[in-house]
Amino acid sequence: MNGQEPIYGRIAADGVTFAFDTRVAVPTVDPSPGYPGCVVVRTDTASGKLDSATGEVTQFAGLLRFGYTAQAGGDCTPVVGVEGGFSALPCEMGYDLAANRTEAP
């Protein structure tokens, strides 16, 4: 889930490599007379590998990234450099993923 909808990914022909990507536009400051407002576009991407293509998957590893940009035509300066906002736009953060199943289904 990206907060608005399920995210569908794909597993490559090798049966172990997976990936997904999605985008969601989040209005952060409403427009007003003389101000275009701010919409931040979040892009989520993930990729990785499962430990088995034919048997039960008991572990995987991968990378998850979240990227944030200001939508063209907007003004996001009110949410940059403030507490609870962004230190800069565009920006990105990434996480290494590693999982091991701890009990059988």
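This report walks through the fold, the surface and the salt bridges of the structure above.

## Before you start

This is a predicted model, so local features need pLDDT of at least 70 and side-chain atom pairs count only at pLDDT 80 or more, while totals for chains, interfaces and linings use all residues. Residues are numbered from 1 along each chain as its sequence is written, and side-chain values use heavy atoms, with hydrogens and water left out.

## The overall fold

Let's begin with the secondary structure. The protein chain has five strands and zero helices, and reading along the sequence gives the pattern β-β-β-β-β. The radius of gyration is 18 Å, well over the 13 Å that the globule rule gives for 105 residues, so the chain is more spread out than a compact globule. Here, the radius of gyration is taken over C-alpha atoms, and the globule rule is 2.2 Å times the number of residues to the power 0.38. Helices (H or I, at least four residues) and strands (E, at least two) are DSSP runs, numbered from the N terminus.

Along its principal axes, the C-alpha trace spans about 60 × 25 × 20 Å. As for contacts (heavy atoms within 4.5 Å), take those in the protein chain with a separation of 6 or more: residues 24 or more positions apart account for 52% of them.

## Surface and charge

How much of the protein chain counts as buried? Of its 105 residues, 22% do. Buried means under 20% relative accessible area, exposed means over 50%, and partly exposed is in between (1.4 Å probe, protein chains only).

The chain exposes about 7,100 Å², and carbon and sulfur atoms supply 55% of that area. Accessible areas come from the Shrake-Rupley method with a 1.4 Å probe; for residues, only the protein chains shown count as cover. On the charge side, there are 6 positive and 12 negative charges, and their mean positions are 7 Å apart. Lys and Arg count as positive and Asp and Glu as negative, leaving out His and the chain ends. Each charge is placed at NZ of Lys, CZ of Arg, CG of Asp or CD of Glu.

## The salt bridges

The structure holds four salt bridges, each one a side-chain nitrogen of Lys or Arg within 4 Å of a carboxyl oxygen of Asp or Glu. One of them pairs R10 with D21, at 3.5 Å from N to O. R10 lies in strand 1 (residues 10-11) and D21 in strand 2 (residues 17-29), so this pair ties together parts that are eleven residues apart in sequence. R10 is partly exposed, with a relative accessible area of 49%, and D21 is also partly exposed, at 46%.

Another joins E92 and R65, whose closest N and O atoms are 2.8 Å apart. This pair links distant parts of the chain, with E92 in strand 5 (residues 91-100) and R65 in strand 4 (residues 59-70), 27 residues apart. E92 is exposed, at 54% relative accessible area, whereas R65 is partly exposed, at 33%.

## A buried pair and a cis bond

Are R42 and D44 buried or exposed? Both are buried, and their side chains meet in a salt bridge (2.8 Å, N to O). R42 is found in strand 3 (residues 38-50), and its relative accessibility is 19%. R42 and E92 are 50 residues apart in sequence, yet their C-alpha atoms are 9.3 Å apart in space.

Finally, look at the peptide bond between L89 and P90: it is cis, with omega about 0°. P90 is found in the loop between strand 4 and strand 5.
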